[in-house]
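The sequence and structure are shown below.

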Amino acid sequence: MSLDKETTVSDNAATTKEVLATPTRESTGSDHHALGHDGVIDLPRGWKYKQITIAGYKFPWYASPSVQLFMVAFVCFMCPGMFNALGGLGGGGQVDPTLVDNMNTALYATFAVVGFFGGTFINKLGVKWTLAFGGIGYGIYAISLLVSVHSTHVQAFNMIAGVLLGLCAALLWTAQGTIMISYPNENQKGTYFAWFWAIFNMGAVIGGLIPLGENINVQINKTVSDGTYIGFIVLMFFGAFLATLLCNAEDIIRKDGSRVILKKNPTWQSEFLGLWETLRLEPFIVLLFPMFWSSNWFYTYQMQAVNGAYFNTRTKALNNVLYWLSQIIAAGVWGYLLDRDVVRRTLRAKITLVVLFVLTMAIWGGGYAFEKTYTRETVLSPDFKHMDWADDGYVGVMFLYMFYGFFDAAWQASIYWFMGALSNSGRKSANYVGFYKGIQSAGASVVAHLDAIKLSYRAEFISNWVLLSTSLVIAAPVIFMKIKDHVPTEEDLQGTDETLADVLPAGHREKVAQV
């Protein structure tokens, strides 16, 4: 193992006072690093920019987009990944989903409010500490579920845990989304989504194996064991700690030497105004709001009305693993195809919208055939036998549930990619993602409440199919008219106090083109 000596301070930086501390954005600005004639950039001094070579392979520097995305993916692997594994069991692992429905109503209502303004918090506080704080809420939420198994007098704690997780998750997901769509270059955004979504959902897969192993012989529908909850709690708190090791966006340098576009000296006033400016100057973004609203709406139906209601405990656990595994497969396929530059980005966007519409009709059409076989009343009957994986007919329903997982990843990937195609600016991306996560959670809060008051499964299903299909039609003008093959850096700099010199190295093609 050796440290690569090629990553040295550029000629301009060499004339400044040499420091051994981690460079700040000012001391490592774009004027202090440049693209060499061989296309290799001279990186600033400091451990964040050292490259390690092992067996001839040169690893990226720590403050590179790929390393940071990898770390964020593992934070989400531990925190929301385990939350998804727990929620995927239906009812948070409990037989009666009413408590979790009420907790999730509080969770998503809080998420909706905080998430809508999440970009403001990210731009002011930075991604590292918002992610770390965000991770804490997941562990407390799981603790409250464990306590509720042993006492019926902790409803206040459960609701507080739901509200706290709403606050924490809003910050975590807005920071994560900002990293995922603003750190990579334009031709890598689908690939970065695939990496992130695969690692993140591997958390749900592995987390799903915990209750599967704990309950593999349980052929009735019952609450999962204490050991299951304790396993989730430990992993969630470790994820929160891992987030403290991240870099902030101002330290990130891409392979081409460019930096993430930010505001140098953000204030609370400037960031709240920036939120309004995003809506005022780019009102077309509201046409994506119905897609945002729909993007978590289907979880309640799939996890409570299908997996939680129809299957016994061990089969719910198996379905849970297969659901998230399908998401990993879908993310790899979808992310790869979205970045295939043999087709222009404008055309790829249009094809993506059409394919999503076809999948919505096909998968949810199959879901309707299954939904007609039972109701909320029939599954509550003492005579109802919850399906086991050994029963006849299970394989067909299993594949339907896997396709639901595939569809989820395709939907989320498309939304992230559409937002990433509209801007490369970290500041704008934070606001886009804040809108996305806030509106997404408002929808999730509404449907969780509808499930808690026992809306019929048929009505839940129809609401999903209608919302998903109509939201694609409403989004069409944005996809067909606003997405371009390339967003110039100067356009992304609007509304910030940065210049081309701050974010692009000497010799970058966009700088050269202006000379």
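## Overall composition

Of the 515 residues in the protein chain, 59% are buried, where buried means under 20% relative accessible area, exposed over 50%, and partly exposed in between (1.4 Å probe, protein chains only). The model is predicted: local features need pLDDT of at least 70, side-chain atom pairs count only at pLDDT 80 or more, and totals for chains, interfaces and linings use all residues. Residues are numbered from 1 along each chain as its sequence is written, and side-chain values use heavy atoms, with hydrogens and water left out.

The protein chain contains 21 helices and three strands; helices (H or I, at least four residues) and strands (E, at least two) are DSSP runs, numbered from the N terminus. Among contacts (heavy atoms within 4.5 Å) with a separation of 6 or more, 84% join residues 24 or more positions apart. The chain exposes about 20300 Å², of which carbon and sulfur atoms supply 67%; accessible areas come from the Shrake-Rupley method with a 1.4 Å probe, and for residues only the protein chains shown count as cover.

Helix α7 spans residues 155-182 and has 28 residues. Its first and last C-alpha atoms are 40 Å apart, close to the 40 Å expected at 1.5 Å a residue; the expected span is 1.5 Å times one less than the number of residues. Because 20 of its 28 residues are buried, α7 is largely enclosed by the rest of the structure.

Helix α4 (residues 98-116) has 19 residues and reaches 27 Å between its first and last C-alpha, close to the expected 27 Å. With 14 of the 19 residues buried, α4 is likewise largely enclosed by the rest of the structure.

## A nonpolar surface patch

L325, I329, V333, Y336 and L337 form a nonpolar surface patch of about 450 Å². Patches are made of residues with over 30% relative accessible area and no salt bridge, with like charges joined within 9 Å and nonpolar side chains (Val, Leu, Ile, Met, Phe, Trp, Tyr) within 5 Å; a salt bridge is a side-chain nitrogen of Lys or Arg within 4 Å of a carboxyl oxygen of Asp or Glu. L337 belongs to helix α13 (residues 313-338) and counts as partly exposed because its relative accessibility is 48%.

S295 is located in the loop between α11 (289-294) and α12 (297-310). Its relative accessibility is 0%, so S295 counts as buried.

The side chain of S295 makes a polar contact with the side chain of Q440 at 2.9 Å. A polar contact is a pair of N or O atoms within 3.5 Å; within protein, one must be able to donate a hydrogen and the other to accept it, and residues adjacent in sequence count only if both atoms are side-chain atoms. A polar atom of the S295 side chain also lies 2.6 Å from the backbone oxygen of F292. Leaving aside neighbours within four places in sequence, S295 is in contact with D408, W411, Q412, I415, Y436 and Q440.
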